[in-house]
Amino acid sequence: MTTILFSYKNLLRHKTRSFLTLVGITASIAVLYSIISFNKGFEAGLSKELERTGLHFMIVPSGCPHEVASLVLHGAVIPKYLDDTVSEKIRNFKDISLISPILVTQLPNQIHNKIDLVYGMEMSHLKNIKPQWNIKGSIPDNDEGLILGSEVFDHMKVKIGDTYSYGDKKFTITGVLEKTGSQDDAFIYIPITALQKMLNKEGKVTALGVKVLYPEKLTEIIEKLSNEIPGIQIVTMNQVMNSISSLASSAKILSLSVAIIALIISAVGVMNSILMTVFERTQEIGMMRAIGAGRNDIFKIIITETILLTTTGGLAGLIISNIGSGLIEDFVRKFMPYVPAGKILLFDYKIALFSLIFSIFVGVVSGLYPAYRASKVSPIEAIKG
Amino acid sequence: MIKLEKVEKIYQRGSERVRALKGIDLEIERGEFLSIVGPSGSGKTTLLHILGCLDTPTSGIVRLDGIDIETMPEKELVKIRREKIGYIFQQFYLIPGLTVYENVSLPLTFSRKERNRSEIENLIEMVGLKDRINHKPNQLSGGEMQRTAIARALVNNPEFILADEPTGNLDSENAEMIFELLKSLHNKGISIILITHNPDLAQRTERIIKLKDGIIESDQMV
């Protein structure tokens, strides 16, 4: 009989206790694995989402870069506006291929008695700015149509072709944005000129999205623009990403700390559980020493028990977090800012391997003391009874 | 052969010094069947532990097949226990989660000796537990448990069997069966050293060593 088989059978002697200990390890490895892969998927998803916006930088009124970051990804109401003169000035620069105005605001929805988040945009630019979007129905081709985010659509119980009004202004719902999993789902998209008219903010925009002809000249263009146009701030997609990453990093650190603490607690649980069995088995250990087990053998048996427990728990944790990745993702999205659209939790063998090795390591560490205690059992004292 | 010269064993129990053995001189030849008797606290078990290389004396010499073992490090003692000695205890000490077969083969895990399945099965058959081979200890009677322990003691082919009150927890019928089993092992050339409280059993061994207060009171051939 091998030591592994023997240790396994020892664990089976206390099925409930071993199972409960296992649950602790399983849960904490599942959390650890999910958090690490979520963080990795978050970074990757974010840069992918920014790449897909098709814009090189945003121009906003001078202000807080975090506001800009949230505006770029998911819209935010910034009570400062740029006016037409800015976009006219930019249009005069060469090397610019697209300037797309954006106006974000909140509008009271009297029919449903709530506040709508409204995103005014140049509908003809939609394919450039949001290439990843799938729209059911059509994109409005005049100022009378609008598009609903999927969440809004689900709540309102309306259908494509229905009328949607703000006061006297009536729109027709021409399309619905299919679920993106991001905060885009919560917006209503209105042609920008219509929105400007409604708000009496003709010519005013929250931001201008800019695409250049030659991205390699980006730094040069940005420098020129900032020098020649006062009162604006230029934010590149890289800066947006850094800004969001730094916003999200505290959430990441917090979640990782929670996972590590959970793991420490469950490691102490393993240690406690195995230590209890060592105390209960003192006589048995004495007997084993008498029939030829060295201190090393006893040490090996006990540490194998803890490693078996934590490795099994680690494996179970990996399986559970991969099966339940959808649920975990939905849950984390509720608490983490600016989670990019799409699936974030994908199986990553490197993180899985790391988690597994980590669970073995936890087994070794939590087994050291019980194994040491067991190896120190004096056979004479033990078998005296 | 085991030879003890002026063997003393002193325990420190709290502030009290216990002289368990006070100068034991003893020679045990290979193939003997002897019993050690004496009242509780006379030093029987201490003597057995020293004979079984579980413990070393405070002073004196212990020689096993010509090798001094009293100063041997623990690692070497473990090796001797694996190769030369088989232990049988009053409380059997079987591992609850393991079958008879697994309990019997447990010492091989430590000695790293290879024995094939049929050899172990033969041992189990010899102690009369062939039809119990896959049973766990909680499915066995006391006598069956002790027979399992005997098979376990034999699995490494020991030269000596040390039995500490092996019949102490058994009824007379089972005790008799165990004694007969030990006798048959002796007939196969294995030395048996038996600690017992039962004077009738002791009378049926070849030599009786009577201990009292840590010294040998008498040593007689039967």
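Start by selecting Met288(A). Setting aside neighbours within four places in sequence, its contacts (heavy atoms within 4.5 Å) are Phe6(A), Ala293(A), Ile298(A) and Ile301(A), together with Ile95(B), Leu106(B) and Phe110(B).

Before moving on, a word on the model: it is predicted, so local features need pLDDT of at least 70 and side-chain atom pairs count only at pLDDT 80 or more, while totals for chains, interfaces and linings use all residues. Residues are numbered from 1 along each chain as its sequence is written, chains are lettered from A and ligands numbered from 1 in the order in which they are written, and side-chain values use heavy atoms, with hydrogens and water left out.

Buried means under 20% relative accessible area, exposed over 50%, and partly exposed in between (1.4 Å probe, protein chains only). Helices (H or I, at least four residues) and strands (E, at least two) are DSSP runs, numbered from the N terminus.

In soluble globular proteins, nonpolar side chains tend to be buried together.

**The interface**

Show both chains. The contact involves 27 residues of chain A and 24 residues of chain B. About 2300 Å² is buried between them, 64% of it on carbon and sulfur atoms; buried area is the accessible area (1.4 Å probe) that two parts lose on being put together, summed over both. Pick out Met1(A), Ile291(A) and Ile380(A), which supply 28% of the area that chain A buries against chain B, more than any other three residues.

Zoom to Lys9(A) and Glu102(B), whose side chains form a salt bridge at 2.2 Å, N to O. The rule (a side-chain nitrogen of Lys or Arg within 4 Å of a carboxyl oxygen of Asp or Glu) finds four salt bridges across this interface. On the side of chain A that touches chain B, the elements giving two or more residues are helix 1 (3-13), helix 10 (282-290), helix 11 (295-323) and helix 14 (379-384). Helix 10 of chain A gives the largest share, six residues.

**Arg295(A)**

Stay with helix 11 of chain A and select Arg295(A). Arg295(A) is partly exposed, at 33% relative accessibility. Beyond its neighbours within four places in sequence, Arg295(A) is in contact with Arg289(A), Ser375(A), Lys376(A), Val377(A) and Glu74(B). Its side chain reaches the backbone oxygen of Ser375(A) at 2.9 Å.

Most residues other than glycine have a negative phi, and most peptide bonds are trans. Which phi does Tyr93(B) have? Tyr93(B) has a positive phi of about 50°. You will find Tyr93(B) in the loop between strand 6 (85-88) and helix 3 (100-111) of chain B, and it is buried, with a relative accessible area of 7%.

Finish at Arg112(B), in the loop between helix 3 and helix 4 (117-126) of chain B. Arg112(B) is not a glycine, yet has a positive phi of about 55°; at 48% relative accessibility, Arg112(B) is partly exposed.

Note on methods
A polar contact is a pair of N or O atoms within 3.5 Å; within protein, one must be able to donate a hydrogen and the other to accept it, and residues adjacent in sequence count only if both atoms are side-chain atoms.
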